[in-house]
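This briefing is meant to be read with the sequence and the 3D view side by side. Please keep both open while working through the points.

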Amino acid sequence: MSGYKRPTTPASVERQLRQEAGFGCAKCGHPYIEYHHIIPFAEEQHFRPKDMVALCGNCHPAISKLGRDKQYEIKQAPFNIEREMFQGALVYDKRHLLFRVGGNLYENVPTILRFLDIPIIACAIKDNQAKITLNLFFRERKKIALGLGQ
Ligand SMILES: [Zn+2]
């Protein structure tokens, strides 16, 4: 045990790799991704995006066995991009607001929790952003928090 801890991949490199792969595994499109060194970190300590690729936890362990040429091929033609799963910006359906509280799902319910006439937890879509309003009180109705936006 050397105590050596490999540095984490810089956030800017992760962002670039996610974007170029269409926000999914370059090989299968799975949305949970890890960052793979095509040129292994053990061989050269680098975080060069051109020699790295976004992969999921299923594809990552076996990818090196395919050889570097195949890995670069996968990087050049990511699953999500090839199948036009992703274009321009990450798009999601903003028509419905689904809010999960414990095991309960609230769909298009603007006030999740109300006490007397006071909304305690409320949510809405404004300017294409999901906004959550939380009203918390001390005793005697003294407000301690209001409007935790975004
Ligand atoms: Zn995968």
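The model is predicted: local features need pLDDT of at least 70, side-chain atom pairs count only at pLDDT 80 or more, and totals for chains, interfaces and linings use all residues. Residue numbers start from 1 along each chain as its sequence is written.

- Most residues other than glycine have a negative phi.
- Asparagine 108 is not a glycine, yet its phi is positive, at about 50°.
- Asparagine 108 counts as exposed because 12 other C-beta atoms lie within 10 Å. A residue is buried if 20 or more other C-beta atoms lie within 10 Å of its own, exposed if 12 or fewer, and partly exposed in between, with C-beta atoms placed from the backbone.
- Phenylalanine 23, also not a glycine, has a positive phi of about 60°.
- The loop between α1 (11-20) and β1 (33-37) holds phenylalanine 23.
- Phenylalanine 23 is partly exposed, because it has 17 C-beta neighbours inside 10 Å.

- Strand β3 (residues 98-101) pairs with β4 in the antiparallel sense over 4 bridges; two strands pair if DSSP finds at least two bridges between them.
- Valine 101 has asparagine 104 in β4 as its bridge partner.
- The hairpin formed by β3 and β4 has 2 residues between the strands, and glycine 102 in the turn has a positive phi of about 60°.

**The nonpolar core**

- The largest nonpolar core has 12 residues, among them Leu17, Ala21, Ile33, Ala54 and Phe79. Such a core is a set of buried Ala, Val, Leu, Ile, Met, Phe, Trp, Tyr and Cys residues joined through C-beta atoms within 7 Å.
- Strand β2 (residues 52-56) supplies the largest share of this core, 4 residues.
- Leaving aside neighbours within four places in sequence, alanine 54 is in contact with Leu17, Arg18, Ala21, Cys25, Ala26, Ile33 and Tyr35. Two residues are in contact if their C-beta atoms, placed from the backbone, lie within 7 Å.

**The whole chain**

- The protein has 4 helices and 9 strands.
- Of its 150 residues, 15% count as buried.
- Among contacts between residues at least 6 apart in sequence, 47% join residues at least 24 apart.
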